[in-house]
Amino acid sequence: MSNTENIVYLNGKYLPVEEATISVMDRGFLFGDGIYEVIPVFGGKLLRADEHLQRLQNSLNRIGLANPYDNDAWLEMFSHLLEKNAGHDRAIYLQISRGAYVKRDLGTQKNADVPESQLTPPTIFSMVLQVTPPDIEVVSAGISAITVDDFRWNACDIKSTSLVANVMLKQQASDAGVEDAILIKNGQVTEGTASNMFLVKDGILVTPPTGKRLLPGITRDLVIEIAKNNIILVEEREIQQSELVTADEIWMTSSTREVAPVIKLNGEAVGSGVAGEMWKRMMDLYQQYKQQLRNGG
Ligand SMILES: Cc1ncc(COP(=O)(O)O)c(C=O)c1O
């Protein structure tokens, strides 16, 4: 974290984080009734802002909550927030909850007969996360993971703040003494606790298709795009759990993690047990992409 003051955005105001408070009746707090986004920022430029804002819209549509701002208003707010929180590589975190109703009641105002002037406004929060650029040496050391049963709901395409299941799954990994977990539903790989999954087999990059079982990761799409632009074959298809054992490489992708190699799974080496050649190539291409963004490309 930088030493400068942390200024956050809350419901139209820019405030020091200590002064940004919300009601205990907020449905985000009571029910996890909200959605969020994390948008990486390199050299002041947002990575794939349109795609993140589209996913935000999709999440809002899925939970039946109106988007409080249009894209220009979001971008303007992000730009003010970035100005107020200096840094090199950063990320914008934003969260919208359904707001603080008077009573604790699961029902929403969506189809209720509430005059527009009396509708509860959503709670809109955003902050800048200071991100340490991944140290290639450290990242290439790789991650140890276990496979765990993906017991989550059939709505994982929503970037919901209801993350207790992900917290529990991550806890299972840490209880087992490893960094992360690969989630398995009905014998198939879905995603990581906070990332999408790729495997490499015989030079082909494979990742599960999007749908309700996983979050459509923006990094996932970018990795697929970079691969296709560089004549790397990509297959979007189901991955059977058994394929993890014979994979040459396994990667986890996310906005904050970027592309991370899994080198040990359930105590066994993945492929040759070190970060693979395809990962090195992708990491290189990904860093080039970021550099172009920083340079205004
Ligand atoms: C459950 C889950 N899947 C996938 C991802 C990766 O998404 P993105 O690449 O947009 O960061 C995340 C990111 O936090 C996540 O929480």
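Trainee: Which residues come nearest the ligand?

Mentor: Of the 16 residues around the ligand, the ones that come nearest are Arg55, Glu191, Ile218, Thr219 and Ser255, where a residue counts as near if one of its heavy atoms lies within 4 Å. Please keep in mind that this is a predicted model, in which local features need pLDDT of at least 70 and side-chain atom pairs count only at pLDDT 80 or more, while totals for chains, interfaces and linings use all residues. Residues are numbered from 1 along each chain as its sequence is written, and side-chain values use heavy atoms, with hydrogens and water left out.

Trainee: And what lies 2.6 Å from an oxygen atom of the ligand?

Mentor: That is a polar side-chain atom of Thr219, and this is a polar contact, meaning a pair of N or O atoms within 3.5 Å. A polar side-chain atom of Ser255 lies 2.8 Å from a ligand oxygen, and an N or O atom in the side chain of Arg55 is also 2.8 Å from an oxygen atom of the ligand. The protein covers 90% of the 380 Å² of accessible area that the ligand has on its own, with areas taken from the Shrake-Rupley method with a 1.4 Å probe.

Trainee: Changing topic, how much space lies in the largest pocket?

Mentor: About 780 Å³, a volume being the space filled by probe spheres set on grid points that are joined across faces, edges and corners. On a 1 Å grid over the protein atoms alone, a pocket is an open set of points with protein on both sides within 12 Å along at least five of seven lines, a cavity is a set where a 1.4 Å probe fits but cannot get out, and lining residues have an atom within 4 Å of a point. Of the 34 residues that line the largest pocket, Tyr36, Lys159, Leu163, Thr193 and Ala194 are the closest to its centre.

Trainee: Why does the largest pocket lie between the two domains?

Mentor: Because domain 1 (7–130) and domain 2 (136–294) both give residues to its lining; the domain bounds come from an automatic or database domain assignment.

Technical notes: Polar contact = N/O pair within 3.5 Å; in protein donor to acceptor, adjacent residues only side chain to side chain.
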